[in-house]
Amino acid sequence: MLVQICVTALTTALLVASACYTESPPEQRWWAAGNVAVAGGMTLSQVAGLPLLLHAIVSYGVIAFGLGLVLRGLRVYCNESLSWLTIAILTLIALLVAAYYTVLAPSLRARLCFTGFYFGLINWAGALMLARHRAWRVSGIAIAGFTLLGLALCWRGAHLLLRGEPADGSNSLVIALSALVVPLAQICIAFGLILMVMWRYAERLRRLSTLDALTGALNRAGLEIQGKRVGLRALRGGRSLAVIMIDVDYFKVINDSYGHPVGDEVLRHLARLLRVELRPHDLLARFGGEEFVLVLDGVDREAALKVAERLRARIEYEVAELEKLSVRYTASMGVVCSDQHSYDLIRLISAGDAAMYEAKRAGRNRVVAG
Ligand SMILES: Nc1nc2c(ncn2[C@@H]2O[C@H](COP(=O)(O)OP(=O)(O)OP(=O)(O)O)[C@@H](O)[C@H]2O)c(=O)[nH]1
């Protein structure tokens with residue numbers, strides 16, 4: 001039990017330290033608070049000489065409360081919530097049953113059996129919550145930890161139920177094994193939870209570094225990474241790759257007439273409109289100021305021209321409804337395809353750009369093939 005308390009203290013310190021980072025998400029704070037409560041409850045249950053109320057009853061309530069906070073953190077991580085009422089019920093059940101087997105029908109065996117099964121089930125509920133979220137690669141270690149801890153606790157409970165008083169079984173293989181498995185599972189859970197948060201940070205950073213903050217389209221870095229992938233895929237599959245360069249006409253006039261915030265809204269409006277018209281695997285990137293790029297896999301020159309013409313007409317027809325005003329705008333487009341050029345995205349973009357400028361020179365609001 002001393003090993004278990006030491007490991008609990010260590011994993012709690014780890015979770016608290018990681019939750020102290022100012023940008024830590026709320027779930028991490030719930031996990032840290034929950035672990036502090038569990039560690040406190042375990043210590044209370046082990047300190048001899050404490051009043052029976054604290055030692056045999058309150059301690060289990062505190063552990064159940066701590067596990068409730070951990071569950072709340074897991075729900076927050078999965079973008080759901082767990083009410084305080086549920087946590088209060090979890091705590092109350094532990095308190096009432098512990099009180100029953102301490103005061104009304106005193107039995108250490110029954111109390112330990114119940115808490116083994118009860119805390120085991122709560123840990124399984126944690127594993128289930130994460131499993132339902134289906135991010136196995138990210139939360140696999142934490143799921144394994146919760147499952148293992150639940151298994152060890154239920155196993156201990158079942159052993160006590162079948163074998164009699166804890167004193168009889170304290171030297172048994174089951175108790176020895178569970179004393180090994182419980183700390184191992186606690187370490188798995190602590191590292192698994194921290195890993196989940198780190199993974200989320202990494203994913204957020206990756207998104208931030210490849211997406212344009214204003215429109216949500218890919219930025220140049222994102223286009224470079226994903227464009228290369230799409231180009232290779234098309235080349236290997238023997239499919240055409242089309243690029244459409246889109247540039248808003250007289251955008252400076254929109255900025256100068258209505259102000260930069262309205263110009264920004266127009267760019268957002270255009271990105272939304274383009275996204276709606278595209279297939280899920282097409283790429284949309286903001287190439288610079290008011291210029292966007294579309295990369296279409298498996299689309300030849302004729303089909304790309306049709307797509308561009310459809311988009312041009314849609315942009316011309318649509319009205320960007322902003323807070324107090326409506327703005328109409330048009331766009332010029334340059335269309336190129338790997339059939340006439342190469343699969344090299346940089347070359348396709350520069351050829352598409354030349355075609356787009358041709359469209360500008362020819363009077364704007366038109367599509368030119370390169
Ligand atoms: N609101 C806003 N304006 C931007 C942004 N990036 C670039 N711009 C503006 O976009 C305008 C681009 O102007 P120009 O290059 O002259 O192009 P244009 O007015 O669209 O003219 P043509 O392309 O020839 O039809 C400039 O005024 C830039 O300040 C942005 O993120 N938001």
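Glu 321 lies in strand β4, residues 320–321. Strands here are DSSP runs of E with at least two residues, helices are runs of H or I with at least four, and both are numbered from the N terminus. Glu 321 counts as exposed, because it has 11 C-beta neighbours inside 10 Å. Glu 265 is 56 residues away along the chain, yet its C-alpha atom is 9.3 Å from that of Glu 321.

This is a predicted model, so local features need pLDDT of at least 70 and side-chain atom pairs need 80 or more, while totals for chains, interfaces and linings use all residues. Residues are numbered from 1 along each chain as its sequence is written.

Now step back to the whole chain. The domain assignment gives domain 1 (2–203) and domain 2 (220–369). Such bounds come from an automatic or database assignment. The two centres, taken over C-alpha atoms, are 54 Å apart.

The unreviewed UniProt entry annotates "transmembrane region" at residues 46–70, 82–103, 109–131, 138–158 and 173–199. UniProt positions follow the numbering used here, feature names are shortened, and annotations may be inferred rather than shown by experiment. Residues 82–103 are 91% helix and 0% strand, with end C-alpha atoms 31 Å apart. Residues 138–158 are 100% helix and 0% strand, and their end C-alpha atoms lie 32 Å apart.

Next, the cores. A nonpolar core is a set of buried Ala, Val, Leu, Ile, Met, Phe, Trp, Tyr and Cys residues joined through C-beta atoms within 7 Å. The largest has 54 residues, and Ile 63, Leu 67, Ile 189 and Leu 193 touch the most other members. The elements giving it two or more residues are α1 (2–19), α2 (26–46), α3 (52–77), α4 (84–104), α5 (108–132), α6 (136–163) and α8 (173–210). Helix α3 gives the largest share, 14 residues. What does Ile 63 touch? Leaving out residues up to four places away in sequence, its contacts are Val 38, Gly 41, Met 42, Ala 94 and Phe 119. Contact means C-beta atoms, placed from the backbone, within 7 Å. A second, separate core has 48 residues, including Ile 254, Phe 292, Ala 308 and Val 336.

The ligand comes next. Of the 16 residues around it, Asp 249, Phe 251, Lys 252, Gly 263 and Gly 289 come nearest. A residue is near if its C-beta atom, placed from the backbone, lies within 6 Å of the molecule. Two or more residues of the shell come from each of β1 (241–248), α10 (251–258) and α11 (260–277). The largest share, four residues, is from α11.

Finally, look at two backbone angles. Most residues other than glycine have a negative phi. Tyr 250 has a positive phi of about 45 degrees, although it is not a glycine. Tyr 250 sits in the loop between β1 and α10. Arg 364, also not a glycine, has a positive phi near 75 degrees. Its loop runs between α13 (345–361) and β7 (367–369). Arg 364 counts as partly exposed because it has 14 C-beta neighbours inside 10 Å.

Conventions. Buried ≥ 20, exposed ≤ 12 C-beta atoms within 10 Å, placed from the backbone. Contact = placed C-beta atoms within 7 Å.
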